[in-house]
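The report below works through one of the chains, then the contacts between chains, and finally some local packing. Please keep the sequence and the model in view while reading.

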Amino acid sequence: MSPRVRLLVLAVGGIALAVLVVPALVGLPHFGGSVHPYRTHAVVASVAHHSANVISSINFDQRGLDTLGEESIFLASVLGVVVLLRPAEEETETASLGGGPVLESTKLAGYAMVPITLMLGFNIVTHGHLTPGGGFQGGVVLGTGIHLLYVAGTYRALQRARPIQVFDWGEAIGAGAFACLGIASLAMTGAFLAAVIPTAPLGHLFSAGTVPLLNGAVGVEVASGTAVLLAKFLEQAIRVRPAAKETEP
Amino acid sequence: MSVYPYLVAGWLMAVGIIGIVRGRNLVQTVICLSVAQSATYVLLLSVGYQRHATPPVFGEPASKPNFHVVDPVVQALTLTDIVVSATVTALLLSLAIQIHKRHGTLDPNELNTLEG
Amino acid sequence: MNNVLIAVVLTLVAAVGTVVVFTRRPERQAVTLSAYGILLALLFMVLAAPDVALSQLGVGTAIVPLMVMLTVRKLHRRR
Amino acid sequence: MSFGQGGSSALAPLAIAVPIAVAAILQAASERLPRKVVDAVATATAAAVTGVAAALLAASAGGRVVTWSAGWLPHHGFSVGIVLVVDPVGAGVALVAAGLVTLALVFSWRYIEAAGGRYHALMLLFLAGLEGFSLTGDLFDMFVFFELMGAAAYALTGMKVEDPSSLQGAFNFGIVNSLGAYLSLMGIGLLYAHTGQLGLPQLGHALAGHRPDALVLGAFVLVMAGFLVKGAMAPLHFWLADAHAVAPAPVCLLFSGVMVPLGTYAAFRVYWTVFSGTLPPDDVGRAFVVLGTLTGVVGAVMCLGQRNFKRLLAFSTVAHVGLFLVALGTVDADGTAGAIVYVVGHAGAKGALFLLAGILLDRYGSVDEVNLHGRVRDLRVERWLLVAGGLALACLPPFGTALGKSLAEDAAGAAGYGWAPVLFVGVSALTGGAVLRFTARVGWGLGTPPIVESGTTTGDEERETQPLSRVPITMVIPVVVLLAGALAVGVVPGVGRAASAAAHLFVDGAGYRHQALSGAPTGAVSTAGSGWTTGGVLIGLLSAALAVGVAAAGIWSRAVRRRLPAVAVGAPALKVLRRLHSGHVGDYVAWMVVGVAALGGLVGLPLR
């Protein structure tokens with residue numbers, strides 16, 4: 001279809017769909033209201049299991065199956081990116097290549113940022129069940145933070161600090177641990193992904209049963225997976241070249 | 001104001017779809033898809049919002065439940081949604097890179113190996 | 001007051017989302033997308049969702065724009 | 001009140017978690033393990049999941065198996081946990097999925113070389129997605145597993161990075177499916193705002209008995225969008241041929257055999273459990289019959305025009321999905337029973353044909369009807385298997401497809417769609433005929449080599465492996481097993497009765513809600529015997545004979561074109577239809593919006 005016809009088709013369908021959907025949106029309960037039945041139950045359940053962050057309690061306890069699925073999606077897509085971005089047969093990976101010259105101040109800032117970012121990420125992971133944050137958020141910070149080395153220095157420095165194989169394992173181990181914890185709790189309590197560890201008073205680091213364990217598994221998986229993901233894109237952008245076309249004028 | 005956030009969500013979905021249909025570059029298509037997806041975040045969080053309520057994080061010991069918090073369930077759903085967004089974007093961008101390798105273009109009007 | 005703040009941020013989100021879609025070149029889109037990500041995170045903060053805002057900061061302003069920029073860089077290298 | 005948290009209730013979570021755990025292990029160890037070990041572990045895992053699903057099917061025959069994940073049992077009809085509700089249809093779908101993954105992995109022993117253990121890990125994650133999607137009783141959880149299927153599927157489709165078209169097919173698939181999923185999520189958000197619930201039984205309970213308003217209608221349309229994209233309902237089907245034509249053959253087996261039918265399954269699962277108490281069945285059913293008919297016609301016509309065998313099979317899947325939609329659109333247990341039998345029989349026949357396409361690609365580096373003309377003579381066994389697959393697709397009794405078709409035709413007739421048999425016979429004859437035409441040309445060299453037309457998609461593809469001197473037995477056995485399965489569905493006595501019992505539980509939305517929330521099982525349903533009838537056998541024979549006729553007409557097409565002016569008149573319309581399948585993702589999304597709006601119009605207009 002020509003662009004004009006395509007837009008015409010979209011306009012017809014879009015107007016019809018808007019006629020269906022806009023009244024539905026307008027018919028929703030008004031914004032900011034106080035009727036949230038699921039919220040009420042979730043808060044009760046969260047307090048019953050001594051969790052101070054209701055969202056963590058939902059993610060890792062009440063609706064843990066969703067999170068298992070979510071972590072599997074993450075694993076699948078990292079696997080998928082690794083498969084899709086593998087160098088094709090006729091391509092070569094050029095060695096080396098740092099970025100261009102980097103300003104000393106940028107370099108210093110980058111190096112200084114790395115430990116701070118990593119500590120921040122670690123903190124977000126470990127206190128996820130108490131304060132905002134958790135395995136996913138902290139993992140993202142950790143996996144991205146390590147790539148600050150690229151800003152600071154060279155690709156080579158990054159490669160030394162970032163052994164891909166280890167991250168590959170970390171990602172798989174995190175995802176596997178989540179599934180295995182679920183199966184273990186099925187064996188121990190008869191319910192899948194149920195809380196199994198005796199609980200401590202609220203506010204304590206280990207106060208929420210299996211929640212910290214699952215949270216940690218997610219943290220390991222996401223940190224490693226993010227690192228692998230970004231590494232593969234960096235590799236494509238910097239190293240992989242078509243062998244034949246390289247010599248073309 | 002009572003339905004404004006929902007309409008914003010609807011608009012983001014619509015504009016994302018328009019962007020995909022008009023797209024001249026597959027990277028652009030992927031970005032428009034992520035804008036369309038952001039409509040779901042806005043919708044879910046607006047649905048769970050309650051005026052003058054606090055975030056559903058207590059942070060310190062609370063012996064009895066406090067119900068004056070915004071809906072934590074939609075927040076958990078949105079978290080999952082954000083993970084999905086990152087992963088789908090990554091997969092589609094790697095596909096775009098490989099398409100470009102083969103065809104030297106990302107303009108869907110010029111990519112026609114599948115016609116018929 | 002809070003209502004006004006939410007309305008303003010929502011309007012900004014709708015506007016910048018539209019700008020992202022109608023930005024022509026992908027390399028510029030990476031930048032507008034990053035700004036859009038920050039705005040969304042801000043919206044989530046005012047909607048009392050700090051967990052989500054934190055995720056959105058990591059994903060929407062760091063990982064996704066970074067991947068887009070690396071993709072664009074890759075494409076330009078081949079020309 | 002008994003929720004039976006033990007015994008069979010542990011099975012459903014295991015079917016989801018075990019493949020994920022093994023996939024993670026394979027991913028971590030794939031560089032170290034020899035290929036044979038990876039093959040063995042992955043296949044054994046899929047086989048074990050098949051066993052779990054079979055046990056679930058046996059357990060659910062006596063009533064639904066309800067599992068509350070993490071042990072959050074409902075109090076006063078509410079739980080913060082996720083419920084898995086397994087009825088025979090859900091367990092049956094899970095069983096077919098796991099069985100097909102097992103066969104696909106066996107086929108892959110000698111087939112897929114690239115990507116090593118990562119391919120196996122992706123297949124297992126795909127399996128986990130299929131299992132989770134078919135077993136869960138929670139709407140948001142369905143979205144999550146929908147996306148898990150999606151993420152694994154996009155990567156599996158685009159695996160052959162050397163092949164240009166495969167990546168574009170994967171890209172279009174990814175965009176259209178993801179957008180459909182986000183529309184579904186909007187719908188989930190609307191339902192959540194309206195009811196404060198996410199579980200299917202809770203949602204259905206909250207909506208039952210209320211007059212449908214704009215909100216419910218809008219939510220219905222949006223939720224359906226994602227499922228119907230996956231279920232390839234026209235005009236949301238465009239991605240399917242692109243993805244199938246280019247995905248590796250064992251992956252195609254899973255797409256056509258189970259993933260696409262799972263989309264229609266989900267649409268009707270959600271209709272019966274959530275919306276059946278509020279949206280009138282007649283209006284919803286009529287909408288699906290109309291769009292299903294369109295899907296069947298578009299698929300069959302496009303199928304006939306293909307020379308790339310994988311693309312031909314893909315369009316035949318579109319056509320058959322249309323028939324499933326019509327059968328399910330009768331909105332009663334009889335039509336649903338017909339659809340169940342038809343889906344299982346179709347999975348066997350279509351799966352076998354896709355694997356045969358893989359064998360052709362492996363030996364000749366092509367699945368193109370013109371290039372292969374007469375060259376497949378040396379595959380003496382395999383060409384007869386192609387014939388068998390074509391006849392099964394054409395609904396020759398006693399294949400299961402014929403039994404399913406006959407049950408569906410009877411139900412559609414009883415529901416007031418007297419013309420339905422014409423559609424069913426037409427689609428079977430055209431799609432089966434297309435396969436037989438291909439087979440006769442490549443396997444026996446019948447007809448003159450056709451003139452090469454420019455502008456059509458050829459079937460030349462990157463070889464997925466190094467060619468082997470003869471077809472390995474591990475590639476032939478899965479084909480034979482699949483065809484035997486398609487035959488068994490029609491021959492084993494009691495299949496029709498079991499399907500009928502399963503269908504009665506499937507359409508009993510009120511019973512589903514009641515059992516999930518209160519734990520009380522519904523009483524056994526009494527079902528009339530449903531099996532072969534004389535009329536059904538005769539119509540089956542007729543459609544097979546017509547298929548042979550279609551094949552013959554295709555082989556000697558120039559003579560036909562001269563004698564039958566109708567064909568010449570239809571040609572321009574066909575050309576337009578073909579041009580719509582452009583491979584342009586913008587076109588696909590525009591049509592998707594039209595299709596979703598059309599569904600909404602068909603359901604919504606009679607409500608006013």
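## Chain C

Read along its sequence, chain C of this predicted model follows the pattern α-α-α, with three helices and zero strands. The C-alpha atoms of chain C, taken along the principal axes, fill a box of roughly 50 × 25 × 10 Å.

Of the 79 residues of chain C, 54% count as buried. Among the contacts within chain C that link residues at least 6 apart in sequence, 50% join residues at least 24 apart.

Helix α1 of chain B, residues 4–22, packs against helix α1 of chain C, residues 2–22, at an angle of about 5° and with the two axes 9 Å apart. With angles under 35 degrees counted as roughly parallel, that angle makes α1(B) roughly parallel to α1(C).

On the side of α1(B), the contact is made by B:Y4, B:P5, B:V8, B:W11, B:L12, B:V15, B:G16, B:I18 and B:G19, while α1(C) contributes C:A7, C:L10, C:V13, C:A14, C:G17, C:T18 and C:V21. By class, the residues of this contact between α1(B) and α1(C) divide into 12 nonpolar, four polar and no charged.

## Chain D against chains A and B

In the interface with chain A, 64 residues of chain D are in contact with 60 residues of chain A. The helices α1 (11–29), α4 (117–135), α5 (139–157), α6 (164–195), α8 (214–230) and α23 (585–604) of chain D each supply at least two residues of the side that touches chain A, and α23(D) gives the most, with 11 residues. That side of chain D has 42 nonpolar, 16 polar and six charged residues.

In the interface with chain B, 39 residues of chain D are in contact with 39 residues of chain B. Here the elements of chain D that give two or more residues are α5, α6 and α23, and α6(D) gives the most to this side, with 17 residues. The residues of the side of chain D that touches chain B divide into 21 nonpolar, 15 polar and three charged.

## The nonpolar core

The largest nonpolar core holds 405 residues, of which D:L125 and D:A155 touch the most other members. Leaving aside its neighbours within four places in sequence, D:A155 is in contact with A:A76, A:L79, A:G80, A:V83, A:L84, B:L91 and D:L122, a list that includes residues of chains A and B as well as one of chain D.

## Local packing in chain D

Strand β1 of chain D, residues 65–68, is covered on both faces, with D:V65 and D:T67 buried on one side and D:V66 and D:W68 buried on the other. Four bridges join β1(D) to strand β2 of chain D, residues 83–86, and the two strands run antiparallel; in β2(D), the bridge partner of D:W68 is D:V83.

Helices α12 (residues 309–328) and α13 (residues 333–364) of chain D have axes that come within 10 Å and cross at roughly 175°, and α12(D) and α13(D) are therefore roughly antiparallel to each other. Among the residues making this contact are D:F309, D:L313, D:H320 and D:F324 of α12(D), together with D:Y342, D:H346, D:L353 and D:F354 of α13(D). By class, the contact of α12(D) with α13(D) has 13 nonpolar, six polar and two charged residues.

Key
Residues numbered from 1 in each chain as written. Chains lettered and ligands numbered in written order. Predicted model: local features only at pLDDT ≥ 70, side-chain atom pairs only at ≥ 80, totals over all residues. Axes fitted to C-alpha atoms, helices over the stretch in contact; angles between N-to-C directions. Parallel < 35°, antiparallel > 145°, perpendicular 65-115°, else oblique. Contact = placed C-beta atoms within 7 Å. Nonpolar A, V, L, I, M, F, W, Y, C, P; charged D, E, K, R; others polar. Buried ≥ 20, exposed ≤ 12 C-beta atoms within 10 Å, placed from the backbone. Pairing = 2+ DSSP bridges. Core = buried A, V, L, I, M, F, W, Y, C linked by C-beta atoms within 7 Å.
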